[in-house]
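Hi everyone, thanks for coming.

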Amino acid sequence: MPKEEAEEYLEAMLDLSAGGKAVKTTALAERLGVAPASATEAVQRLCRDGLVSYEPYKGATLTAKGNEAASRVKRKHRLLEVFLTRVLRMAPRKAHAEACRMEHSLSDETEEALCRTLHGPQSCPDGDPIPPCDLDVESCAACQAARKPAARREGRGAVPLTSLRAGRPRRVVFVRGGKSVVKRLCDLGLTPGTPVSLLRAAPLNGPVEVHIRGCNLALGRAIADKIFVESDGAAA
Amino acid sequence: MSCHGEGPAPAQREAGELVIALVGNANVGKSAIFNQLTGLEQAVGNWPGKTVEKAEGVLLHDGRRIRIIDLPGTYSLMARSEDERITRDFLLAGKADVLVNVIDSTALERNLFLTVQLLGMGLPVVISLNLVDIARKKGILVDAGRLEKALQTKVIPTVAVQGAGVHELVDASLAVEGRPRRWTPDSLRYGPEIEKRIEKLSTLLSEHRTRQPPRWLAIKLLEGDRRLLRRLARKDPRLPDAVGILENECSELHREPCSTIIASERYALVGRIAGSAQDFVSDAGRKNADRLDSASMHPVLGYVIMLAVMLSILAFISIVGAWVATGIERAFESLNPHAPEWWGALLWNGGAVGLYAALGVALGFLLPFYVILSILENSGYLPRIAFLMDRPCHAVGLHGKASVPLITAFGCNVPACVGCRIIENRRDRLIATFLSTLVPCSARTAVILGTVGTFMGPLWAMALYVIDFAIIIGLGRLLHRTMKGSSVGIIMEIPPFRWPVPRLVGKQAWARFRPFLATAVPLIVLGSLAIEGLRQAHALDEITAWMSPVTVWWLGLPAFTGVLFILGILRKEAAVVLLASVANTVDIPSVMTPVQMFVFALVIMLYIPCIATITALGREAGWRLAGLITAVEIGLAVLAGGIAFRVLAPLL
């Protein structure tokens with residue numbers, strides 16, 4: 001059975017099985033607009049895959065594995081709905097139809113990125129709750145803080161660290177340069193999103209001293225020139 | 001002066017022996033812990049990159065033989081310089097039973113970045129939470145218990161310089177011996193995008209027998225460890241493709257190289273752990289430290305301070321040196337029995353004069369110098385000099401980091417040659433190693449101050465230094481122009497200033513001074529006896545006559561100096577010490593004109609690195625290059641000496 005079809009069934013079962021009761025194949029067929037025979041056949045296949053448990057005449061229930069898969073699709077669907085309506089300003093009806101198609105091809109990574117970009121929405125435009133993610137974080141705030149997405153506001157206002165005067169910390173947006181230099185800077189904690197402050201610069205294009213993660217580092221000018229931090233505009 | 005920095009030869013592992021390796025960032029106190037445990041004297045000081053060679057020591061603990069390995073500091077397991085490679089290779093070879101990870105409590109995040117990598121290596125790890133006293137002063141309180149819980153490994157607070165907690169480290173190591181943690185706590189897991197790829201790769205790796213756990217190897221491969229990939233690709237040719245695909249997936253998602261993503265994820269993870277384990281109470285004392293930093297690295301004031309520090313050291317040593325040396329000479333001469341027999345002259349002119357001249361140099365010039373160098377090292381001033389000197393170093397194609405070994409070269413060229421390992425690329429390292437052999441070491445300073453400085457005045461001594469620096473800069477520029485490649489630039493931690501601990505300064509100065517007393521003084525006395533014997537046998541003139549075309553005709557020196565140049569190969573300070581025995585008088589101005597003295601000091605300063613330095617060069621840069629450098633320096637010295645003679649003779 002194609003992945004898309006299986007996910008549609010799982011999603012429908014999740015909607016119909018509120019409270020954990022068994023779902024009749026007829027109800028499923030009605031919901032998805034298919035013949036009852038196809039619905040029964042599909043449920044039997046899902047049963048073989050370990051996603052649902054099925055007892056003839058009584059109905060089907062989602063297994064733990066099936067529940068997880070269904071929640072995931074649901075989460076993708078609702079995140080997409082939020083994105084389409086809030087960011088792309090699409091009409092809710094159209095957004096729902098679009099999300100139904102897109103949810104099956106959305107990767108888990110894009111799903112996480114979507115969640116962070118939308119600042120962890122709790123519900124879809126209709127007010128239905130969005131199932132939580134399975135990341136090892138305590139809260140959306142912790143997820144945001146850990147990844148510091150603020151620094152990745154694309155293309156807007158990244159300036160070389162050395163173009164600034166000594167002062168308050170700015171977040172690193174990106175670091176360029178030779179592979180081993182970038183790696184070394186990362187090892188020392190100059191990763192994207194980290195606040196770094198310029199302490200002083202030696203004269204005649206000499207090295208700079210920066211403060212990062214509680215340590216002071218001397219960096220050659222050529223290296224520091226390739227560290228880009230948020231400009232004032234981006235920080236505001 | 002030679003102070004050999006060689007570690008003992010790696011001993012064969014004995015049965016029942018426990019091998020503990022000390023691992024951690026640079027400048028966190030690994031060597032201090034090593035010294036406390038083994039009673040040995042590894043150099044310690046407040047700058048990153050002192051330990052560039054692994055050192056070994058043995059400790060008997062409750063009857064158990066425990067071998068402690070002190071490894072050079074590293075920020076990650078991806079070696080970027082020679083010293084880091086030593087650490088990486090040692091760890092990857094799996095020669096340790098237990099890793100003691102020394103971490104700096106004042107910079108928890110950066111230190112835990114390495115810890116997280118060590119924890120997955122499949123070896124038991126004990127954490128030494130070091131510098132807790134300094135952290136407390138800075139208002140940072142680290143909770144060992146909470147850290148222990150997050151890392152799921154033993155954490156012991158230590159103050160290495162005082163020895164607090166170091167023996168608990170051994171107890172803890174014994175307790176975890178042979179019991180590596182095989183699971184990864186949730187607190188040490190990365191984000192799902194990364195974890196998924198780690199899992200894919202480790203499934204592939206788990207089909208093979210590997211020394212490290214598949215998960216650890218997978219992370220390293222995704223981080224772009226090409227050396228590891230080449231090695232593992234021999235076991236499984238599918239690996240390079242698999243790594244390439246997974247890396248691409250990662251970097252496409254985030255538009256950053258995969259290694260950056262993993263580093264970011266790891267920092268996010270250690271940031272969470274550090275945040276949960278530390279509390280900040282106050283920022284007391286921060287203001288003063290900032291003020292000190294502002295002054296010592298100020299664009300103008302910083303250079304003024306640096307120059308003042310250097311000049312006052314030179315002035316101090318030349319005054320103290322001359323005073324002590326003449327004091328010792330007077331004391332000895334007042335005892336001179338003036339025995340008329342031939343053996344009396346031999347013993348006195350050979351033995352006693354050699355002894356007091358050597359002691360004068362040792363106590364007057366070397367000992368004060370070593371004390372000052374130790375103070376400089378322990379205070380944390382050296383990295384500031386590296387910062388100030390970075391731009392000037394560009395003139396000779398180096399960056400500021402090279403100035404640290406070059407400054408230690410003022411003490412002795414041998415550790416400086418080895419110390420150049422902290423420089424990342426081979427070209428820079430070779431240039432720095434070459435130049436460090438031309439830096440006037442303490443022995444040469446003794447020659448300069450003991451002859452020119454004492455009899456011609458400090459300005460002439462300064463002139464010699466200026467000539468030497470001019471040669472170093474000229475040669476550096478020449479090498480910079482001719483050798484291919486370019487320098488990447490300085491990346492160096494600037495540690496906070498610390499008050500030097502007098503006990504440590506004394507110990508360290510003594511550790512450098514002792515080899516001089518033990519080997520150089522007897523050597524000088526023997527050399528002095530030999531020269532006196534040769535003179536009495538009328539054989540000295542033959543040797544000096546053989547060298548006279550160079551010494552007398554080209555350099556305009558008295559013939560007797562010839563033998564000094566030969567002895568000076570062994571030890572440079574021997575040349576000035578034995579000057580008295582060769583000339584058969586301590587009244588140098590009566591046998592040498594000022595011009596001759598200047599030329600003599602100049603040639604001694606330049607003509608050859610001493611035998612110990614040549615050996616160190618051979619090991620660091622290869623024997624071919626060591627030979628070449630030696631030949632160049634002999635040529636340079638003879639050339640410079642001849643020119644100086646012809647320029648100065650009409651003037652003075």
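**Rings in chain B**

Let's begin with Y356(B), which is buried at a relative accessible area of 3% (buried is under 20%, exposed over 50% and partly exposed in between, with a 1.4 Å probe and protein chains only). A word on the source: this is a predicted model, where local features need pLDDT of at least 70, side-chain atom pairs count only at pLDDT 80 or more, and totals for chains, interfaces and linings use all residues. Residues are numbered from 1 along each chain as its sequence is written, chains are lettered from A and ligands numbered from 1 in the order in which they are written, and side-chain values use heavy atoms, leaving out hydrogens and water.

Across all chains there are 12 aromatic pairs. Rings of Phe, Tyr and Trp (its six-membered ring) pair if their centres lie within 6.5 Å; planes under 30 degrees apart are stacked, over 60 edge-to-face, and the rest tilted. Y356(B) has F332(B) as its partner in a tilted pair, 5.2 Å centre to centre with 40 degrees between the planes. F332(B) is in helix α13 and Y356(B) in helix α14 of chain B, so the pair ties together parts 24 residues apart in sequence. Helices here are DSSP runs (H or I, at least four residues), numbered from the N terminus. F332(B) is partly exposed, at 22%.

Now, which residues form one aromatic cluster? They are F410(B), Y465(B) and F469(B). Y465(B) is buried at 5%, while F469(B) is partly exposed at 33%.

Note on methods: Helix = DSSP H or I, 4+ residues; strand = E, 2+ residues; numbered from the N terminus.
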